[in-house]
Amino acid sequence: MTFLYPSFLFALAAIAIPIILHLIQLRRAKRVQFSNVRFIQVSKDLTASQRNLKEWLILLCRVLFIVFLVLSFAQPFIPASDKQAAADTSHVTLWLDNSFSMQNRSADQDVDLLSMAVDRGRSIATLFPPTTSFSLIAAGEQHAGVHQRADVLATLNALSYVARPEFVSKKTLSGTGNVFLISDFQKSTFQPDLFRSLDTTVQLHLVPLQAAQTNNVAIDSVYLEDAFVRQDAENMLHIKLFNSGGEAVDALPVKLFIGGAQAGALSIAVPAKQTAEAVIGFRLNRRQAQQASVIIDDYPVEFDNTYYFTLAPSANITVIALTDKPEDSLAALYKSEPAFTFREYTSSQIDYGRLAGADVLLLNGLPSITPALAATVSNFVKAGGTVAVIPGQEAEAGSYANLFQNLSIPASITGAATGSIKVNVLAPKSDNPFFKSIFSTYDAKVEMPASVRTLAWSRASEDILLFRGGGAFLSRFDRGNGRLYLLAAPLEAAYNTLASHALFVPIMYKIAIAGYKQEQDLAYTLDNTTIQVPAAGSKGKEGVYTLKKDSLELIPEQRVQGGKLLFTVPPAMADAGFYTLQLQDSVLATLAFNYAKKESFLAQYTPDELRQLVTKNQTNVHVYDYDDAFSAKAAFEKRFFGVKLWKYCLILCLIFLMAEIALIRFL
């Protein structure tokens, strides 16, 4: 047995006080005056031996009272049983998980896991002497370095939920002393490989918290059925939900808000450990971008119940047609639709500067394609543009071959004559995504156009329409970031009846809309590394781009390249919602950010599973069981501090004090 404060043992000299008083028996006779003998108090017969025994017992109680009182201040303890894991009480690190998964309810009490973690942290802090210094780490950041116990307790009470990019870093576990990890130990975020590189000088204590249940439904993402959004036109929003728990949700309320007003609502069933997709129709009645959100009602983990995104009518699609036959022009078709900006050039008057700014290029009936045009079109496709090639009546096979060779497309001009027999085109399949929303009612026996075949190819990315004989009539080739569409014959009636068919207009519109490039995503996540948005609104301006939300203003790492702004999400950007991207005083865009989805998967490691992750030679890693109080307290004290005896000394001190009172009062 040793003492934490052995200097208090000098106070044992106070034992001499009751001994001296007992030896000299400082008792003086007291004269009592009375008027009559009947007032004399009746005394009990007491022998000298009984009186001496009582006095010795009282003396013993007084001596033992002083002894155990002094010992309680000296704080005796039995040294730790584990000699290799002696406690370093100079510094303690508390790593407390305050991520959003800690919104879950505790299995022990009707409180959230963060409240339980704070209680565990307070219990751990009181285990160590007042001279111990503490480091408190939460949400991946250290709170102002080294603290004393009182400061740590105050900081623990002020913790709130914060988005967390990672569970704990190796840097956190560096150094010496005791490190306590208090968490629900999610399987989606905890990194077991941290044990392998752990310094043996660190005593790592894992304190798991048990959740009442791990069911949770979250919004994974949203997307538009038609990426090209028209003002006042019907569109469909697809909402992807996932249920990470083991119980199905029968009727989950889903609400869509646009511009602060509810735009739709429905209920959906989400099977256990599966995904489900809700579809809500909407209309945009403004030209400006609008803030939108999808909200579900799921308890108790609520951080992932709202998904933020932006909606805005799409900008006009720039279509440039190259043709040498104005009478076969597509101008009337595209100029009648406000969604398109149409320009037309002949092969001898091409404005190559404008071609680069187009979304869609139409090569309509050109007799030949110059090497310069072939190279321009090839680069345009690889850079992300959309091109449709409609062969000319007397197309020069060699010039077309140059274009196809640049794009590695196995296609060639066949040179079919005008009088060749036309072959009917097969009706498209009902599940063909290209024709989605074109047919109000699908009829496999619908009359289709007929055509000869002056352009043949193979190995297309997708055959949209086929001849009855099996050859391709309209196909798509994906090259680089763009796509190229090939039509098997010219649009002249002698070769092709498509131009007079009802499908002609929707097919040409679909090809043009396919060239629409959505330069800004509907939403981003806070763990995105690099985000790319157009920087067109910043022409002629210089300065630093900033992200603003209410009073918060952040400056991300950024660079402008090729008309695009590339920036990284700042670490201090921890709240989901809408942020405005600004340059000087100009608002360039509104961006929606959501939390990462790892925290939505609530499955956690049990204490037994955590022990299995620890190897046999890692004796400095300790895993504690679930309990409604800090279950590690008794085991930790016995192993690292030994058995503290000061409480027992204080109890004995009180016992002997009460014994002395009883002896004086009743004997």
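**Entry 1: helices H7 and H8.** I first looked up which residues join these two helices: Pro371, Ala374, Ala375, Val377, Ser378 and Lys382 in H7 meet Asn402, Leu403 and Asn406 in H8, contact being heavy atoms within 4.5 Å. By class, I find five nonpolar, three polar and one charged residues in the contact of H7 with H8; Ala, Val, Leu, Ile, Met, Phe, Trp, Tyr, Cys and Pro count as nonpolar, Asp, Glu, Lys and Arg as charged, and the others, Gly among them, as polar.

I note that this is a predicted model, in which local features need pLDDT of at least 70 and side-chain atom pairs count only at pLDDT 80 or more, while totals for chains, interfaces and linings use all residues. Residues are numbered from 1 along each chain as its sequence is written, and side-chain values use heavy atoms, with hydrogens and water left out.

H7 spans residues 371-382 and H8 residues 397-406; I record a packing angle of about 30 degrees, with the axes 9 Å apart. H7 is therefore roughly parallel to H8 (angles under 35 degrees count as roughly parallel, over 145 as roughly antiparallel, 65 to 115 as roughly perpendicular and the rest as oblique). Axes are lines fitted to C-alpha atoms, for helices over the stretch in contact, and angles run from 0 to 180 degrees between N-to-C directions. Helices (H or I, at least four residues) and strands (E, at least two) are DSSP runs, numbered from the N terminus.

**Entry 2: helices H3 and H4.** I next looked up H3 (residues 113-125) and H4 (residues 149-157), which pack at an angle of about 175 degrees with axes 10 Å apart. H3 and H4 are therefore roughly antiparallel to each other. On the H3 side I list Val118, Gly121, Arg122 and Ala125, and on the H4 side Arg149, Leu153, Leu156 and Asn157. By class, this contact has four nonpolar, two polar and two charged residues.

**Entry 3: backbone in two loops.** I checked the peptide bond from Tyr299 to Pro300 and find it cis, with omega near 10 degrees. Pro300 lies in the loop between strand S13 (290-296) and strand S14 (306-311).

I also note Phe185, which has a positive phi of about 50 degrees although it is not a glycine. Phe185 is placed in the loop between strand S6 (177-183) and strand S7 (202-208).
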